Amino acid sequence: MKTRILFVDDEPNVLSALRRMFHDMRGEWDMAFAADGPTGLAMIAERPFDVVVADMRMPGMDGAMFLREVQIQNPGAIRIVLSGHSDRNMVLETVRPAHQFLPKPCQPADLKAVIDRSLSLREVFLDERVKDVVARLDRLPTVPRLYADLLGLLAQEEPSMREVAGLIAQDVGMSAGILKLVNSAFFGLRTHVSSPAHAVNLLGLDVVKALVLGVGLFDRFDKEAFRDFDLEKLWGHSFGTGRLAREIAEQEEATSAVKEYAYIAGLLHDVGKLVMATNFPDAYRDVIAACREGQGTVLDMERMYFGASHAEVGAYLLGLWGVEDPVVRAVYLHHEPGRDQRAGFSPLLAVHVANRFEHELVVIHQGYALNPLDELYLAASGLSDRLPAWREACAAVVARGPIPEDI
Ligand SMILES: [Fe+2]
Ligand SMILES: [Fe+2]
């Protein structure tokens, strides 16, 4: 089936240029063009699209308003915004409703690459409901304690950049949100940024303030609404896995890029669990109950109930948000690293092992089955004999507790 793509721009020249640029794609793409938001929405009402590409600056309904409507009316669509560099502040308005931000004018190859990449992970989903929920999401909940601390810091006259970055780097929701923005092609950074602290430094305090206070990029987790889901525990495990994955990379004397990937992939590896548990609380309760009754692993039960596991859901979300491939890959395969054909050390390997160590070293539920280590995969990577050294180093990290240098 062809991919349905809608382009919305108020400048006729831009639309005809897009039509020309992607003429060769007609075999794969079913393209539609609209000169303004309301026309685009009418087309969506007739038949939903897979991808919607919108201009930022349009008279009447601007790109942000339009994409917010798309989010409601065509939740499964991948939303891309094109904006000129003078629109820097306007871009902040689209941080939530858009998945990806591209500078205008943009190269056809860049736009095509973003579309292809965003579509590639969709194939794994059998369940349209899950696909829609993931694509509709525009922010992730944050640990209330960290969120309150951040608000406190930002209220100070001269907040310390280091402290702000440190807080953001500890929270899964905040880190993912910041990375979504900084990794967008809009900022034109030559290399992608995987460290939340680095991202905060690049964006600057004013932008961070606008994101938190103006746009509401971070959502405080509502404990009352999800009584049987402990975000603090899951985020604690995630932060721990990030730190241990980076320690393992450190032990292997990996490059600083690989260390950053390992940390962020560890931090984000279970983000899919949150998406499932908060959007489908009843079904996720059934998943947990089925696991407790011994019907199968969490992964099997998630696939049975949702058609996808938390690994795929998380990877899909992060891919849509423009998080880098090595990170998305590590999240995608963290329970099944053997599906990765590459030998040797990788962020995936670090996260797979760190996830197990974190559960082993920080016991929350006695008797809770530990994630098995994939011995065959470790042997194929030629690194099995490194496990004892990694375990020892990770135990030292856990014993030491988080220190500022970790961030
Ligand atoms: Fe997991
Ligand atoms: Fe985990």
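Helices (H or I, at least four residues) and strands (E, at least two) are DSSP runs, numbered from the N terminus. By that rule, Leu 361 sits in helix H19 (residues 347-361).

A word on the model: it is predicted, with local features needing pLDDT of at least 70 and side-chain atom pairs counted only at pLDDT 80 or more, while totals for chains, interfaces and linings use all residues. Residues are numbered from 1 along each chain as its sequence is written, ligands are numbered from 1 in the order in which they are written, and side-chain values use heavy atoms, leaving out hydrogens and water.

**The iron site**

The iron ion (ligand 2) takes its protein donors (N, O and S atoms within 2.8 Å of the metal, or 3.2 Å for Na, K and Ca) from His 237 (NE2), His 269 (NE2), Asp 270 (OD) and Asn 355 (OD1), at 2.2 to 2.3 Å. Water is not among the atoms, so the site may look incomplete. Along the sequence, the spacing reads H-x31-H-D-x84-N. Asp 270 also bridges to the iron ion (ligand 1), and the two ions lie 3.6 Å apart. His 237 belongs to helix H12 (residues 231-251), whereas Asp 270, 33 residues away, is in the loop between helix H13 (256-268) and helix H14 (271-279).

**Burial**

Buried means under 20% relative accessible area, exposed over 50%, and partly exposed in between (1.4 Å probe, protein chains only).

| Residue | Relative accessible area | Class |
|---|---|---|
| His 237 | 4% | buried |
| Asp 270 | 1% | buried |
| Leu 361 | 29% | partly exposed |

**Around Leu 361**

Leaving aside neighbours within four places in sequence, Leu 361 is in contact (heavy atoms within 4.5 Å) with Leu 244, Cys 394, Ala 395 and Val 398. Leu 361 and Ala 399 are 38 residues apart in sequence and 9.3 Å apart in space, C-alpha to C-alpha.
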